[in-house]
Amino acid sequence: MSVKHDWYQSETSVVVTVLLKNAAEKNYSVNIAAESLDVTADGYSLHLDLLRPINPDQSHHKATASKIEITLKKTTGERWDNLQRKLQEEKPVEAKTKPNWDKFCKEVELKDAAEAKGEEGLQNLFQKIYGDSSDEVRKAMNKSFSESGGTVLSTNWAEVGSKKVDVKPPDGTEFKEWE
């Protein structure tokens with residue numbers, strides 16, 4: 001069973017508080033080593049691999065009714081970021097890699113192409129062309145589509161910008177003006 005603990009530090013020492021009621025009645029023991037701390041009691045155990053070496057000869061502990069307070073003497077006056085050092089089995093944190101946006105875009109395009117079929121695929125293609133285009137291409141598409149009654153879609157502004165776009169119905173059909 002694990003024991004709950006907390007810690008704080010000063011410039012010269014680290015104080016570990018082990019929350020264990022009536023520790024004296026539970027046959028507790030504290031083993032302070034240069035790089036580790038072990039606390040045991042009936043059914044309880046705590047092992048800490050300390051972040052920095054300490055001086056065990058100048059370290060001490062005392063038990064109260066609700067806790068064991070262990071004062072560890074620092075060998076240097078540096079501030080500890082953590083109480084424990086990282087375990088060697090832990091994987092090192094990998095450097096963040098930047099996303100490959102070109103690869104991502106290509107994957108999305110391939111996925112969209114695979115999903116698009118028939119009329120829906122054609123609609124998606126036109127939306128992509130319109131969305132990725134310059135203002136000039138968008139103007140050409142809007143003008144040609146609206147003036148032709150939806151029968152012509154051009155992306156060439158030089159061609160459609162200077163004249164009216166004629167209606168060109170599909171083969172076998174006839175265009176009639178709405179009256």
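Rings of Phe, Tyr and Trp (the six-membered ring for Trp) pair if their centres lie within 6.5 Å; planes under 30 degrees apart count as stacked, over 60 as edge-to-face and the rest as tilted. By that rule, this structure holds zero aromatic pairs. The model is predicted, so local features need pLDDT of at least 70 and side-chain atom pairs count only at pLDDT 80 or more, while totals for chains, interfaces and linings use all residues. Residues are numbered from 1 along each chain as its sequence is written, and side-chain values use heavy atoms, with hydrogens and water left out.

**Overall make-up**

- The protein has four helices and seven strands. Helices (H or I, at least four residues) and strands (E, at least two) are DSSP runs, numbered from the N terminus.
- From the N terminus on, the order of elements is β-β-β-β-β-β-β-α-α-α-α.
- Of the 179 residues in the protein, 23% are buried. Buried means under 20% relative accessible area, exposed over 50%, and partly exposed in between (1.4 Å probe, protein chains only).
- The accessible surface of the protein comes to about 13600 Å². Carbon and sulfur atoms hold 51% of that surface. Areas come from the Shrake-Rupley method with a 1.4 Å probe; for residues, only the protein chains shown count as cover.
- Among contacts in the protein with a separation of 6 or more, 45% join residues 24 or more positions apart. Contact means heavy atoms within 4.5 Å.

**The four-stranded sheet**

- Four strands form an open sheet in the order β1-β2-β7-β6, with antiparallel pairing. β1 (5-9) and β6 (54-63) stand at the edges with a single partner strand each, so one side of each is left without a neighbour in the sheet.
- Neighbouring strands of this sheet are turned by 20° against each other on average, direction ignored. Axes here are lines fitted to C-alpha atoms, for helices over the stretch in contact, and angles run from 0 to 180 degrees between N-to-C directions.
- Two strands pair if DSSP finds at least two bridges between them. Strands of a sheet pair through backbone hydrogen bonds, either parallel or antiparallel.
- β1 and β2 pair in the antiparallel sense over five bridges. A hairpin of three linking residues joins β1 to β2. His5 has Val18 in β2 as its bridge partner.
- β2 (residues 13-19) and β7 (residues 67-74) are antiparallel too, over seven bridges. Val16 stands opposite Ile70 in β7.
- β2 is mostly covered, with six of its seven residues buried.

**Thr17 in β2**

- Thr17 lies in strand β2. Its relative accessible area is 12%, so Thr17 is buried.
- Glu69 in β7 is the bridge partner of Thr17.
- Leaving out residues up to four places away in sequence, Thr17 touches Lys4, His5, Asp6, Lys67 and Ile68.
- Thr17 and His5 are 12 residues apart along the chain, and their C-alpha atoms are separated by 5.5 Å.

- Strand β3 (residues 29-32) pairs with strand β4 (residues 36-41) in the antiparallel sense over four bridges. The two form a hairpin with three residues between them. Ser29 stands opposite Thr40 in β4.
- β4 also pairs with strand β5 (residues 44-49), in the antiparallel sense over six bridges. Leu37 stands opposite Leu48 in β5.
- The β4-β5 hairpin has two residues between its strands. Gly43 in that turn has a positive phi of about 80°.

**Asn27 in the loop**

- Asn27 sits in the loop between β2 and β3. Its relative accessibility is 58%, so Asn27 counts as exposed.
- Asn27 has a positive phi of about 50° although it is not a glycine. Most residues other than glycine have a negative phi, and most peptide bonds are trans.

**Charges over rings**

- A charge sits over a ring if NZ of Lys or CZ of Arg is within 6 Å of the ring centre and within 35 degrees of the ring normal.
- The charged end of Arg138 sits over the ring of Tyr130, 5.4 Å from its centre.
- Lys139 lies over the face of Trp157, at 4.8 Å from the ring centre.
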